Amino acid sequence: MGIEPRRIKLLLILAIAAIFHCTSVRCIHTEEEFTEELLLKPLPDRKVLAHFHFTNSLPPTKVHGRHHRLFPKAIYQLVQKFSIREMELSFTQGRWDYERWGGFDPLSSANAKPPGVELWALFDVPIDQIDATWRNLTHALSGLFCASINFLESSATYASPHWSFRPSLVNDDHKINDAEHIINYDKTKGPSSRLRYGSLPREAVCTENLTPWLKLLPCRDKAGLAALMDRPSIYRGFYHSQRLYVLSSEFNSEKTEKQHEGIMLQQTLTLVLQPSNVQTTGNINKQALQPSWSISSLFGRELIGQCLLAKSSSVFLELERTLVEKLESARKDNTNTSLVVGTNYPSFHLNTVPDRVLKETTVSESMSGMPDGSIMFEFLVDKYNESHPLNVGLTWKAPVVWLSLLAPFRANRFLMGSGNARGSIVISLKADKSHKKIWVDDGVYALPGVAGCHISLLVFQVVPWYVRLYFHTFQVFIDGQPRPIWDVVKKMQISPAEDRKSPGVMEIELEIPCNTSSAALIVNFDKGFLRIDEYPPDANQGFDLPSAHISFPGFQANRYYLKEESFTSPLLLGFLSKSTVQLYTEVLLVPLATPDFSMPYNVITLTCTVLALYFGSLLNVLRRRIGEEERYLKSKDCDTFQKIGWK
């Protein structure tokens, strides 16, 4: 039977109305999406960086409803229960080596985290309910990831940064563009923030934290890229950081127009591994060659296909900018072969043909004819299966030496002084001479020697209450010479510690001349005394101070690629967005005056011995019966005499 003409007209009218509605009003995706990506990159110190990137997007609840097919229910309930607008949680083992692995790229800026656990969250609740919501969130995350995150519930362990942590909801074309949504001013309480930050530098990271993290993936670790996560391969690496990032627009109390629609969950796992397979070609010295590697040599298995629930699955092999420059110079000296054609190159060989090659560029470079930046080889996982697995590998044929791009300054933090009474915290900054030009704005550079050129940096550190900072002793040294505070410090926000109630917080924005070689920030402190029940079991080891966070607002670690198709990848789309260059310092180990914990044991032992002797003697005296003992002795003597007389 055919369809009646009247029904056909009605269907056409409805279709045209839907099209006009989508063109006039921004259409919302009503389907859940899950993507998985893996980035592999050789590092200058003969190691390999492996970065797993999983993205799970959920449409708004008003459109999609509360029943989900791919999005983890546990994360959805957290967002709804605690009104979370943005949250980031990381578990890290090891410390990112900024000097060898780089610090001026989007990957290190977003995924290089301090040792232990770091958590920050932005809430959409009234100001007077934020602290209670934070405490409840820490307990929920502690149970979800089998960690001691609940130790951050105390007001003496978390802080509220004002400028250092800029959530994605601020200063983004697709997000909220109003800093007043983050910093809210109350006339009675002064500046107050909806953002809370806390870290546990001594928290150990193990498989108990990784297993619940993997359970949030639709295919878990049974299929797709997550199947490569062999536990021994992961935990024998030099660096391991698992990260959970949530961005939500379920709550819109400020009624903003531009915002992310629905809930977006990012799960990343960043590893630095040492290749076990070293291959060489020809008679070249083995020590001069970078180690050759493949997916099977790094993780002990090959990739047999994608997760069936994933919309896209890709593996990227990146050659960073400085490495490409070295390879280009070697190619020009030896041959005229193009660097991005096929699998056989003058200095290396790929064992798999890439499906696409992406070249990094910038607006200024494309106009001035400067050489391109990094090169990205993409391999689509959906083309491979169990009979034809994917095993991306890189074999070096010639020795190559290069250095990764570094942040404008390298930061180190250490202690000065001796004894258990007082000392000083020093943050040392050393300039990176490879930055011949200072990035100021899109397509604009400034020379360090130009008068009036300054580098802006934000320093944020949280110190426990038992390390009492004296902020009036704060000093700044530029190239070894003391400088007045008002000449260098642009703005400062400090919060003195209160015993057992709040930590000491120091947040400073500095402006340092571009031609500065070194700088140092020094502040003095006194060491407090703890109660005996406040000491950890290993008190003599010392107490860990969380890493200081340093960011450079004038430096953006973003990338542009020539092909517009790269914007469909969540990983490359994250590289495209502006990411402030940031880094973390070391964790400080501060020894405090500890009591002699053996004295209570000695006192208890001596007291118990005396009491035992006393009560034993007393009990012996009370229970003795003298008359019966005399009769017993007499009867015993009579028996003895009778035996002697009988003989």
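Modeller: In this predicted model, a disulfide joins Cys453 to Cys514, with an S to S distance of 1.9 Å. The link of Cys453 and Cys514 is left-handed, at -75° about the S-S bond. Cys453 lies in the loop between β20 (444-446) and β21, and Cys514 lies in the loop between β25 and β26 (518-527), so the pair ties together parts that are 61 residues apart in sequence. Both Cys453 and Cys514 are buried.

The strands named here, β21 and β25, also pair with each other. Strand β21 covers residues 454-463 and strand β25 covers residues 504-513; their pairing is antiparallel and runs over ten bridges. One of these bridges has Val462 facing a partner in β25, Val505. Strands of a sheet pair through backbone hydrogen bonds, whereas a disulfide is a covalent bond between the sulfur atoms of two cysteines.

Both strands belong to an open sheet of five strands, in the order β24-β25-β21-β28-β30, with antiparallel pairing. Its edge strands are β24 (489-495) and β30 (580-584), each of which pairs on one side only. From one strand to the next, the twist averages 15°.

As for the other cysteines, the count comes to two disulfides. Besides the link already described, a disulfide joins Cys219 to Cys307, with an S to S distance of 1.8 Å. The link of Cys219 and Cys307 is right-handed, with 65° about the S-S bond. Cys219 lies in the loop between α7 (207-214) and α8 (231-235), and Cys307 in the loop between α9 (295-299) and β12 (312-319), so this pair ties together parts that are 88 residues apart in sequence. Cys219 is buried, because its relative accessible area of 17% is under the 20% cut-off. Cys307 is buried as well, with a relative accessible area of 1%.

The link of Cys453 and Cys514 is thus left-handed, and that of Cys219 and Cys307 right-handed. Both Cys453 and Cys514 are buried. Cys146, by contrast, is in no disulfide: the nearest cysteine sulfur, that of Cys206, is 8.6 Å away, and a disulfide requires sulfur atoms within 2.5 Å. Cys146 counts as partly exposed, at 46% relative accessibility. Cys608 likewise counts as partly exposed, at 46% relative accessibility.

Definitions and conventions:
Residues numbered from 1 in each chain as written. Predicted model: local features only at pLDDT ≥ 70, side-chain atom pairs only at ≥ 80, totals over all residues. Heavy atoms only, no water. Pairing = 2+ DSSP bridges. Helix = DSSP H or I, 4+ residues; strand = E, 2+ residues; numbered from the N terminus. Axes fitted to C-alpha atoms, helices over the stretch in contact; angles between N-to-C directions. Buried < 20%, exposed > 50% of the residue type's maximum accessible area, 1.4 Å probe, protein only.
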